[in-house]
Amino acid sequence: MMNIKQLVLASHNAGKLKELQAMLGDSVQLRSIGEWSKVEPEETGLSFVENAILKARNAARISGLPALADDSGLAVDFLGGAPGIYSARYADGQGDAANNAKLLDALKDVPQAERGAQFVCVLALVRHADDPLPILCEGLWHGRILTAASGEHGFGYDPLFWVPERDVSSAELSPTDKNQISHRARAMDLLRQRLGLK
Ligand SMILES: O=P(O)(O)OP(=O)(O)OP(=O)(O)OC[C@H]1O[C@@H](n2cnc3c(O)ncnc32)[C@H](O)[C@@H]1O
Ligand SMILES: [Mg+2]
């Protein structure tokens with residue numbers, strides 16, 4: 001497989017950069033696409049896979065380096081899988097706090113047993129902008145949506161995501177713990193195997 005020392009991360013999300021770099025360790029240096037451009041590509045795909053590939057190609061084109069993208073989100077059973085690929089835009093671009101408030105409201109009065117949800121992460125790696133064979137790795141993390149926010153770690157929907165294996169919210173997990181069991185950790189585990197890094 002490829003011998004990669006440096007990768008551009010096709011993301012403007014600082015939380016993702018921190019988590020992915022911690023998972024990769026020192027062997028691969030992740031550089032944010034923000035070093036080249038502050039413009040975020042429009043996520044026009046209808047699936048996590050399409051959006052991940054689109055973001056990775058865009059970053060490879062701009063930087064001239066191999067690029068890794070992470071398209072992720074929260075799929076809530078009661079909402080038929082929403083907000084899904086629209087997780088970042090759920091409250092019309094007003095940010096994490098507004099997204100979380102909207103989700104709590106959408107699940108108001110919904111009983112525990114029907115609050116199941118999964119975090120989804122798709123990683124796409126392209127060697128160059130027109131790579132015909134992107135590497136794709138997916139990770140899922142099953143949990144439930146809490147009735148109130150809890151915890152200070154992580155980002156995004158973490159304060160609302162109850163982690164059955166630990167009985168805490170994912171924002172109450174230490175970064176080290178989250179990075180061992182999250183959707184992103186599972187996808188990254190597969191990617192490291194594909195890259196021969198483990
Ligand atoms: O597209 P980039 O630039 O990477 O950054 P983004 O934040 O827009 O990322 P996405 O388009 O993939 O949208 C992901 C959404 O899902 C949320 N999300 C993804 N992983 C998460 C995690 O580990 N914990 C909490 N929320 C997460 C995140 O907060 C966003 O609202
Ligand atoms: Mg995005």
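These questions and answers concern salt bridges in a predicted model.

Residues are numbered from 1 along each chain as its sequence is written, and chains are lettered from A and ligands numbered from 1 in the order in which they are written. Local features need pLDDT of at least 70, side-chain atom pairs count only at pLDDT 80 or more, totals for chains, interfaces and linings use all residues, and side-chain values use heavy atoms, with hydrogens and water left out.

Student: How many salt bridges does a search of the whole structure find?

Tutor: A salt bridge is a side-chain nitrogen of Lys or Arg within 4 Å of a carboxyl oxygen of Asp or Glu. Searching the whole structure with that rule gives 14.

Student: Which parts of the chain does the pair D70 and R184 link?

Tutor: The two side chains form a salt bridge at 2.6 Å, N to O. Helices (H or I, at least four residues) and strands (E, at least two) are DSSP runs, numbered from the N terminus. D70 and R184 are 114 residues apart, and the parts linked are strand β3 (residues 67-76) and helix α5 (residues 183-194).

Student: Are D70 and R184 buried or exposed?

Tutor: Buried means under 20% relative accessible area, exposed over 50%, and partly exposed in between (1.4 Å probe, protein chains only). By that rule, D70 and R184 are both buried.

Student: What is the relative accessible area of D189, which pairs with K198?

Tutor: D189 and K198 meet in a salt bridge of 2.7 Å, N to O. K198 counts as exposed because its relative accessibility is 54%. D189 is partly exposed, its value being 29%.
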